[in-house]
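Colleague: I am new to this structure and would like a short tour. Could we begin with the charged pairs?

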Amino acid sequence: MTEDDVVTDSQDEELLTIGAFAARARLSAKAMRLYDRLGLLAPAYVDGASGYRYYRAGQVERARLVALLRRLDMPLARIAEVVEAEGVLAADRLTAYWADVEARVAGQRTLAEYLRGRLSGRSSEMYGKFVVETVDVPRQVVITESRHTLAPELPAWIGASLGRLEEAARECGGVVAAPFVVYHSEVSMDSDGPVEACVPVADEAAARAWAEAAGRARQAAVRVEPARRLAYTRITKAQVAHPRILAAFEAVEEWMREKGLSYDGPCREVYFADWAAAGAEDPVCDVAFPVGES
C-alpha cells in the first residue's frame, strides 16, 4: 500500500491518505500535519506500522473551514472554539472575534493618526487642544491595589480594582475624594508598570486594619499621599481611550516645560465622574503630574 491509496475503514467509510485528503481540501500536507499537531484536525486513523495518516472524506469541510479562519489571522485557540461549536454558536464566536479585530484596527488607526501628527511636526497643534491648569491637593489617606499589567489588560483592571477599593472604603470611613490611578512606570505592549489604583478614605486606622486583613492576595495596601500641586488637563470619556490619552499626557508635560516646572512624582489619572453613566463627550478624568519648582 502506498500513501496515495484510498482505503476503507471497518464501517466501509472512505479513508483518504494525507496527500489525497490535502488535495481534496486544497491544503498542503504541511498544513495538515500542523493542524493535526495543534489538535484542530486529527486524522481518523494512523497506520501503526507505516505511520501513514488517513482522513475521512467527511472531514474535508472542517479542513477548509480551518484554512479560511486562518486567512482571517484568527489565533489557533480561537479557531478551535469555532470549529468545535455548531451552527449559530459557531457563527456567534466568529462574530465576537471579528468585533475584537475591528476594535483593534480602530485603535491602530487612531494611533497611526496620532503618530502622523508627531512625525509631521504637528505636536504643538495637538497639544493646543488641551487646557492645562494647576490644583493643590491636600494630604490624603488612600487604600490601594497594585499590579504589573500590560496595556491591553489595563482598562479592565482599572475598573475592577477601583470598584473593589470603593467597596472596601465603606469599612474605612467612606470615600472622601476622587479615586485615581498612579503609573509608577510606563504601561505599554512591552512595559508592565506597575500601576497603583488608589481611593482616598476618611479613617486611617480602619484603612490600616483593612489592608492587614486584605493582605497580599490583592497586593492591597494603605499609605498617606502627601499634599501635592498637580498640573492637569481634563479629558472626556472618549479621550481616555489609548492612544488619544497619550496626547493629553504630553500636552501637560509640554506645558510644564514652558512654565519651568519639575516633576514631583509619578503621573496619574484622576477619575471624578460616574464612568458608567458618562457619555463619550462627558468629562470624566484629569490627566495629571505632581509638580514642583525647577
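Modeller: A salt bridge here is a side-chain nitrogen of Lys or Arg within 4 Å of a carboxyl oxygen of Asp or Glu. Please keep in mind that this is a predicted model.

Colleague: How many salt bridges does that rule give?

Modeller: The count is 15 salt bridges. One of the pairs is Arg-62 with Glu-84, whose closest N and O atoms are 2.7 Å apart. This pair links distant parts of the chain, 22 residues apart: Arg-62 belongs to helix α3 (residues 60-71) and Glu-84 to helix α4 (residues 76-84).

Colleague: Is Glu-84 buried or exposed?

Modeller: Glu-84 counts as exposed, because its relative accessibility is 54% and the cut-off for exposed is over 50%. Arg-62, at 24% relative accessibility, counts as partly exposed.

Colleague: Which residue forms a salt bridge with Asp-136?

Modeller: Arg-229 is the partner of Asp-136, with the closest N and O atoms 2.8 Å apart.

Colleague: What about Glu-145; where is the residue it pairs with?

Modeller: Glu-145 forms a salt bridge with Arg-164, and their closest N and O atoms are 2.8 Å apart. Glu-145 is in strand β6 (residues 140-147), and Arg-164 is in helix α7 (residues 154-168), 19 residues apart. Glu-145 counts as buried, because its relative accessibility is 2% and buried means under 20%. Arg-164 is partly exposed at 31%.

Colleague: Which residues do salt bridges with shared partners join into one network?

Modeller: That network consists of Glu-196, Arg-223, Glu-225, Arg-228 and Arg-268.

Colleague: Let us change topic to the helices. How do the axes of α1 and α2 cross?

Modeller: The axes of helix α1 (residues 18-25) and helix α2 (residues 29-37) cross at roughly 100° and come within 9 Å. Angles of 65 to 115 degrees count as roughly perpendicular, and α1 and α2 are therefore roughly perpendicular to each other.

Colleague: Which residues meet there?

Modeller: From α1, Ile-18, Phe-21 and Ala-22 meet Ala-29, Met-32 and Arg-33 of α2. The residues of this contact comprise 5 nonpolar, no polar and 1 charged.

Definitions and conventions:
Residues numbered from 1 in each chain as written. Predicted model: local features only at pLDDT ≥ 70, side-chain atom pairs only at ≥ 80, totals over all residues. Heavy atoms only, no water. Helix = DSSP H or I, 4+ residues; strand = E, 2+ residues; numbered from the N terminus. Buried < 20%, exposed > 50% of the residue type's maximum accessible area, 1.4 Å probe, protein only. Axes fitted to C-alpha atoms, helices over the stretch in contact; angles between N-to-C directions. Parallel < 35°, antiparallel > 145°, perpendicular 65-115°, else oblique. Contact = heavy atoms within 4.5 Å. Nonpolar A, V, L, I, M, F, W, Y, C, P; charged D, E, K, R; others polar.
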